[in-house]
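Colleague: Hi! Could you walk me through this fold?
Modeller: Happy to, here it is.

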Amino acid sequence: MQNVIQRELTINASAERIYNAIADAQQVVKWFPEAVSGEYREGGQAIMSFGDIGQSSIYIEAMTPYRYFAYRWVPGSNHFVGDVRTVPNTLVEFRIEELASGGCKVSLTETGFADLPMDIAEVSYGQNCKGWDFMLQRLQQYFSTETK
């Protein structure tokens, strides 16, 4: 069973702007979920709404301004709403690294698929591989189309 999804992309923006696009509830809805409710802060629990697709609870593990943002959730189309710390979950991590050439490298890692119940692990892994490709493309487009 695959346990890790890893993606990297380069975004021509400052670490501060990229971090805020991920860690600020008012900005993350411009490229990831349609809405966020609850406590979108370190140690807080929030609900990401994906329109007709459903809602998913997250628990925000860590926020290090301009460098790191991490949360836990139940992956895939399971749309778990509740305290994700009470059930098998995955950890999603965003790392932001400034490049000497300008812009930043953004690394996404999602781990913990092997710890999920076998009946959802493989499906969730496949869904999230495709899902992260799509969402990270949206993040990149957010910076290429936003007003500077």
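Colleague: Which residue in strand 7 does Arg 95 stand opposite?
Modeller: Arg 95 faces Ser 107 there. Before we go on, the model is predicted, with local features needing pLDDT of at least 70, side-chain atom pairs pLDDT 80 or more, and totals for chains, interfaces and linings using all residues. Residues count from 1 along each chain as its sequence is written, and side-chain values use heavy atoms, without hydrogens and water.

Colleague: How many bridges join strand 6 to strand 7?
Modeller: Eight, between residues 90–98 and residues 104–111, which run antiparallel. Strands are DSSP runs of E, at least two residues, and helices are runs of H or I, at least four, numbered from the N terminus. A pair of strands needs at least two DSSP bridges.

Colleague: And what is the strand order of the sheet?
Modeller: It's an open sheet of seven strands, 1-7-6-5-4-3-2, with antiparallel pairing. Strand 1 (4–11) and strand 2 (35–38) are at the edges with a single partner strand each, so one side of each lacks a neighbour in the sheet.

Colleague: Switching to helices: at what angle do helix 1 and helix 3 cross?
Modeller: Roughly 125 degrees, with the axes of helix 1 (residues 15–23) and helix 3 (residues 118–145) coming within 12 Å. Axes are lines fitted to C-alpha atoms, for helices over the stretch in contact, and angles between N-to-C directions run from 0 to 180 degrees.

Colleague: Which residues meet there?
Modeller: Arg 17, Ile 18 and Ala 21 of helix 1 meet Leu 139, Tyr 142 and Phe 143 of helix 3. Contact means heavy atoms within 4.5 Å.
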